[in-house]
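Here are my notes for your first look at this model. Please keep the structure open and check each point as you read.

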Amino acid sequence: MQILSIGEDVQLKKYREISRAKEFFKIRFPHLNNKPTLSIEENKQVQTVLWEIFRSDDDIYQRAIAGLCLRCYVSHRILITCKTIPHIYNVSAENLFRYTDLLPFVLNDDGTALVIVDSEGKTQYILNHHDGTNRAIAKGAEFFSVDILQRFNPNLGSNESLDNWTTRLTRQNQEIKSFLWEFGLATPSDWGYYVNLFLVLYLGFF
C-alpha cells in the first residue's frame, strides 16, 4: 500500500510504500490479494472492516495498522480531489495556482507514525509500538487523513462512501478555503452560505 508523502515528495508526487499496512491487508483480506482492482462492494466491505478495527478493536496496535491502511487509501482520494479544484473555477484559476499548491494543506501525513483516536473519536494519539504508550497530537498539528476518518462512519444511514466523504472534507478544508480566498475565490460551500444569507437578509426567507 502506498501513501503520498509530504514536503518535496508532494511536489514530485512520489509515493511511499507502507510495508506494514500492505502486510496487514494481505493477512486480513487474503482473498483480495491478487485482484488488481476491487469492485464497489468489495471496496466498501474492506473500508467498513478496517474502520471498525480502527475505532473499536481491543488490540491497540491492530487499531493503528487498520487506520494506517485507511490513511493510505484516503491520501490517494485527497490527491484526486485537489486535482479537480482548479477546474471548479474554470481555466483562469489555473493561471493563479496549481493543484500541487494545495497538497501541503491536506497531505501532512507521511505514513511513518502509528496513530489511534480516543473512544469518542475526538483526539489523535501517536502510538509507540515498542512500549504501548501514546501521546496526544497537539491541536493544529493533527493529520488531516486521520481527521477524515474520525468524522467518517460507514454505518450511518446516509451510506456516504469514504471516497465522497474525503472529497467533501478536502474541498471544505479551512486552509484550502483560506488559500482560495487570497485569489477572491469562494468554495461551493461558501457560495451556499452567501445565497442563504442573501435570502434571509433581503428576501425575508426562512
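**Notes on the sheet and its helices**

1. Start with strand β3. L114 and I116 point one way from β3, and V115 and V117 point the other way. All four are buried. Keep in mind that this is a predicted model.

2. Next, the sheet. Three strands make it up, in the order β3-β4-β5. The sheet is open, and the pairing is antiparallel. At the edges lie β3 (114-117) and β5 (134-136), each of which pairs on one side only. From one strand to the next, the twist averages 35°. As background, strands of a sheet pair through backbone hydrogen bonds, either parallel or antiparallel.

3. Now look at the pairs of strands. How many bridges link β3 and β4? There are four, in the antiparallel sense. L114 has L127 as its bridge partner in β4. β3 and β4 also form a hairpin, with six residues between them. In the turn, G121 has a positive phi of about 70°.

4. On to the other pair. Strand β4 (residues 124-127) is joined to β5 by three bridges, and the two run antiparallel. Here I126 has R135 of β5 as its bridge partner. Helix α4 packs on the sheet and touches β3, β4 and β5. The direction of α4 makes about 105° with that of β3.

5. L114 sits in strand β3. Is L114 buried or exposed? Its relative accessibility is 4%, so L114 counts as buried; the cut-off for buried is under 20%. L114 touches R20, Y61, A64, I65, L68, R71, Y125, I126, L127 and H129, leaving aside residues up to four places away in sequence. Take Y61 as one of these contacts. L114 and Y61 are 53 residues apart in sequence, yet 8.2 Å apart in space, C-alpha to C-alpha.

6. Turn to helix α2 (residues 19-28). Which residues of α2 are buried? They are A21, F24 and F25. These residues cover an arc of only 100° around the axis, which puts them on the same side of α2. The buried residues of α2 pack against α3 (40-56) and α4 (60-88).

7. Compare how the helices cross. Two packed helices are described by the angle between their axes and the distance between the axes. The axes of α2 and α4 come within 9 Å and cross at roughly 105°. Angles of 65 to 115 degrees count as roughly perpendicular, so α2 and α4 are roughly perpendicular to each other. On the α2 side, R20, A21, F24 and R28 make the contact. On the α4 side, the contact is made by Y61, Q62, I65, A66, L68, C69 and C72.

8. Last, α4 with helix α8 (residues 162-171). Their axes come within 9 Å and cross at roughly 55°. α4 and α8 are therefore oblique to each other. The crossing of α4 and α8 is right-handed. From α4, the contact includes L70, Y73, V74 and R77. From α8, the residues in contact are L162, D163, T166, T167, T170 and R171.

Notes: Residues numbered from 1 in each chain as written. Predicted model: local features only at pLDDT ≥ 70, side-chain atom pairs only at ≥ 80, totals over all residues. Heavy atoms only, no water. Buried < 20%, exposed > 50% of the residue type's maximum accessible area, 1.4 Å probe, protein only. Arc of directions from axis to C-beta. Contact = heavy atoms within 4.5 Å. Pairing = 2+ DSSP bridges. Axes fitted to C-alpha atoms, helices over the stretch in contact; angles between N-to-C directions. Parallel < 35°, antiparallel > 145°, perpendicular 65-115°, else oblique. Left-handed = near helix turned anticlockwise from the far one by under 90°.
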